[in-house]
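Dear colleague,

Please find below the structure that I am handing over to you. My notes on what was found in it follow directly after.

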Amino acid sequence: MRLHEYQAKQIFRQHGIPTARGELALTPEQVKEIAEKLGGKVVLKSQVLVGGRGKAGGIKLANSADEAYELAKQMFGMVIKGHKVEKLYVEEQLEIEREMYVGFTIDRASKGFALIVSSVGGMDIEEIAAKHPDRIARVTVDPIYGLWDYQIREVLYKSNMPKEYHREVTRIIKTLYSILVHNEAELTEINPLVVTKDGKIIAADARLNIDDNALYRHPELKELKDYTEVDQTERIAEEKGLNFVKLDGNIGVIANGAGMSMATMDLIYLEGGKPANFLDVGGGASSEVVKEAVSIILMDENVKVIFMNIFGGITRCDEVARGLITAFSEMEIPVPVVLRLAGTNEEEGRKLIEEFIREKGIESIFLVETMEEGAKKAVELAKGV
Ligand code: GDP
Ligand code: MN
């Protein structure tokens with residue numbers, strides 16, 4: 001789960017990382033009020049969960065409360081990379097002397113964290129690496145041993161960070177590490193970490209992504225989830241306990257298990273198609289869950305065909321078949337369904353479906369033997385062949 005900048009900054013502040021004074025606004029009037037309080041010279045920062053807001057016009061400087069009000073009127077409702085601006089974080093303007101970068105991510109290869117530091121910042125980390133390879137350094141941190149001082153010194157020297165900043169940047173790196181561990185984050189980043197004209201070092205931006213699998217241990221963070229930023233369908237799926245991710249193709253995928261879902265998507269790509277989503281009904285899915293899965297997929301207007309690929313282990317194929325039959329009986333399913341059932345109670349499942357097809361004269365269910373065959377059929381149907 002990705003936090004908004006204003007939420008991340010609050011956590012940063014609580015741990016002792018300096019940030020500019022600021023408040024959240026939901027209307028242009030509030031922006032004006034806050035700007036007056038902060039002395040007029042402010043930055044308006046769109047709170048949308050995407051990077052590169054600055055370049056996309058989502059960060060604006062105002063020199064007076066009136067200007068802030070006028071800018072805010074333009075910014076509210078603006079769409080940045082598909083995200084509508086509904087909140088503006090209003091901060092006092094910093095006079096920037098220099099921009100730097102500090103961040104931690106998970107480094108899967110070393111089963112640890114990567115600490116990345118750069119003595120230049122403000123642009124994407126990829127851009128920094130490409131343009132200033134001598135100004136960026138990285139070290140991996142073993143979570144068992146924790147972060148060592150010598151590792152920090154190493155990145156400070158290798159990134160050619162001016163000595164005068166070492167002491168404070170070291171303190172900020174250590175604090176950021178404890179924020180990362182404490183909140184079970186998978187990414188945290190300050191870009192830019194700013195040196196102001198009067199020599200202060202301040203986090204001008206803040207990013208904190210919490211590991212979803214650890215969220216249950218952090219109810220106070222879970223509360224920060226901004227549902228206006230979550231795809232409606234994903235939200236409904238989450239409430240129903242389904243793992244659903246919306247994608248931009250036209251083949252709706254229902255499979256049991258994440259591995260099965262991914263393999264199914266791979267096959268669809270291999271056949272030249274594009275999945276519309278990833279929907280894992282999990283192990284032991286009941287007929288009720290299968291029905292819900294179908295209804296969630298049908299909320300996506302791009303879906304031209306559904307490919308249900310079930311390999312029954314704990315999941316029973318007859319239960320899945322019943323779910324699909326209920327779905328067909330209770331709602332209108334305007335697209336064809338390709339169904340592959342294998343494993344536990346396969347014969348019963350297939351028999352139930354075959355009988356149902358025969359009795360109701362349904363022509364839009366295609367029962368296939370293998371997942372390769374299923375993927376091929378689904379792609380064909382999606383292309384209207
Ligand atoms: P991002 O584009 O989404 O990463 O948003 P940032 O919060 O990093 O802001 C983008 C850029 O806006 C920064 O790199 C700064 O150059 C500029 N910026 C942000 N806050 C201030 C500020 O208080 N004063 C000034 N002068 N520039 C700022
Ligand atoms: Mn930034």
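Is R171 buried, partly exposed or exposed? R171 is partly exposed, with a relative accessible area of 35%; buried means under 20% relative accessible area, exposed over 50%, and partly exposed in between, using a 1.4 Å probe and protein chains only.

Before the remaining findings, two remarks on conventions are needed. This is a predicted model, in which local features need pLDDT of at least 70 and side-chain atom pairs count only at pLDDT 80 or more, while totals for chains, interfaces and linings use all residues. Residues are numbered from 1 along each chain as its sequence is written, chains are lettered from A and ligands numbered from 1 in the order in which they are written, and side-chain values use heavy atoms, with hydrogens and water left out.

Salt bridges

A search of the whole structure finds 30 salt bridges, each defined as a side-chain nitrogen of Lys or Arg within 4 Å of a carboxyl oxygen of Asp or Glu. R171 takes part in one of them with E168, where the closest N and O atoms are 3.0 Å apart. Both residues belong to helix α6 (residues 166-182) and are 3 residues apart, about one turn of the helix; helices (H or I, at least four residues) and strands (E, at least two) are DSSP runs, numbered from the N terminus. E168 is also partly exposed, at 25% relative accessibility.

In helix α11, E319 and R322 are likewise 3 residues apart, and their salt bridge has its closest N and O atoms 3.8 Å apart. E319 is buried, with a relative accessible area of 19%, whereas R322 is partly exposed at 38%. Salt bridges that share partners also join E5, K9, K45, R53, E91 and D205 into one network.

A further salt bridge connects the side chains of D318 and R316 (3.2 Å, N to O). D318 is buried at 4% relative accessibility, and R316 is partly exposed at 37%.

The manganese ion

The protein donors of the manganese ion (ligand 2) are N191 (O) and D205 (OD), lying 2.2 Å from it. N191 is in strand β10 (residues 185-196) and D205 in the loop between β11 (201-203) and β12 (207-210), 14 residues apart. Donors are N, O and S atoms within 2.8 Å of the metal (3.2 Å for Na, K and Ca); water is not among the atoms, so the site may look incomplete. Both N191 and D205 are buried.

The annotated binding site

For "binding site", an unreviewed UniProt entry lists N256, G313, I314 and T315. These residues are spread over 60 residues of sequence, yet they cluster in space, with a largest C-alpha distance of 9.9 Å. The UniProt positions are given in the numbering used here, feature names are shortened, and annotations may be inferred rather than shown by experiment.

N256 sits in the loop between β14 (251-255) and α9 (258-270) and is buried, with a relative accessible area of 11%. The side chain of N256 reaches the backbone oxygen of F311 at 2.8 Å.

T315 lies in the loop between β16 (305-312) and α11 (317-330) and is buried at 2% relative accessible area. Beyond four places in sequence, T315 is in contact (heavy atoms within 4.5 Å) with residues including N256, G282 and V320. The side chains of T315 and N256 make a polar contact at 3.5 Å; such a contact is a pair of N or O atoms within 3.5 Å, where within protein one must be able to donate a hydrogen and the other to accept it, and residues adjacent in sequence count only if both atoms are side-chain atoms.

With kind regards
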